[in-house]
Amino acid sequence: MSIHERVSKLIPEISFEFTRSRGAGGQHVNRTESAVILRWNLVETQMFFGPEKDRLLLKLGSQLNKEGELLIRAENFRDQDSNRKEALRRFEEILEKALFVPKKRIKTKPTKSSQRKRLDSKKKDSNKKRMRSEKW
């Protein structure tokens, strides 16, 4: 299941709060509640459990408040709908990064030919520098 599908299933657990945006914008900012705060409670979620939930708690621990909620504030745009979409996009991005499991690295030894090439190039450079330093 892709992260986009998972986020669409999480929509019932997500709550949106609308507030006034901060910063410049004149009268429009003072009158409209265009900023969006996305709230999602990771501790009480029914979508993730077991190792996935543990991984999310570990990765997102610093971004959660005391109640275990992830808060995302979006106020880049002048309209509420665009800010809501931006908050969901960022939420999806945060979940994707947190759930990513890197592949385990398998240690390999350098091949004999690569070792030989490396040593040959070192000898060549060494000879070149030695020839520069000798007096003729």
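A residue is called buried at under 20% relative accessible area, exposed at over 50%, and partly exposed in between (1.4 Å probe, protein chains only). The model is predicted: local features need pLDDT of at least 70, side-chain atom pairs count only at pLDDT 80 or more, and totals for chains, interfaces and linings use all residues. Residues are numbered from 1 along each chain as its sequence is written, and side-chain values use heavy atoms, with hydrogens and water left out.

**Exercise 1.** Decide whether Leu 58 is buried or exposed.

*Solution.* Leu 58 belongs to helix H3; helices (H or I, at least four residues) and strands (E, at least two) are DSSP runs, numbered from the N terminus. The relative accessibility of Leu 58 is 72%, so Leu 58 counts as exposed.

**Exercise 2.** Work out how the buried residues of helix H1 are arranged around its axis.

*Solution.* Step one: in H1 (residues 3-10), the buried residues are Ile 3, Arg 6, Val 7 and Leu 10. Step two: viewed down the axis of H1, these buried residues fall within an arc of 100°, so they line one face of the helix. The arc is taken from the directions from the helix axis to the C-beta atoms. Step three: His 4 and Lys 9, on the other side of H1, are exposed. As background, an α-helix has 3.6 residues a turn, so residues three or four places apart point the same way. Step four: the buried residues of H1 pack against strands S1 (14-19) and S2 (35-41) and helices H3 (51-60) and H4 (80-99).

**Exercise 3.** Classify the aromatic pairs of Trp 40 with Phe 48 and with Phe 91.

*Solution.* Rings of Phe, Tyr and Trp (its six-membered ring) pair if their centres lie within 6.5 Å; planes under 30 degrees apart are stacked, over 60 edge-to-face, and the rest tilted. For Trp 40 and Phe 48, the centres are 6.1 Å apart and the planes at 80°, so the pair is edge-to-face. Trp 40 and Phe 91 are also edge-to-face, at 5.2 Å centre to centre and 70° between the planes. Trp 40 lies in S2 and Phe 91 in H4, so this pair ties together parts 51 residues apart in sequence.

Key: Contact = heavy atoms within 4.5 Å.
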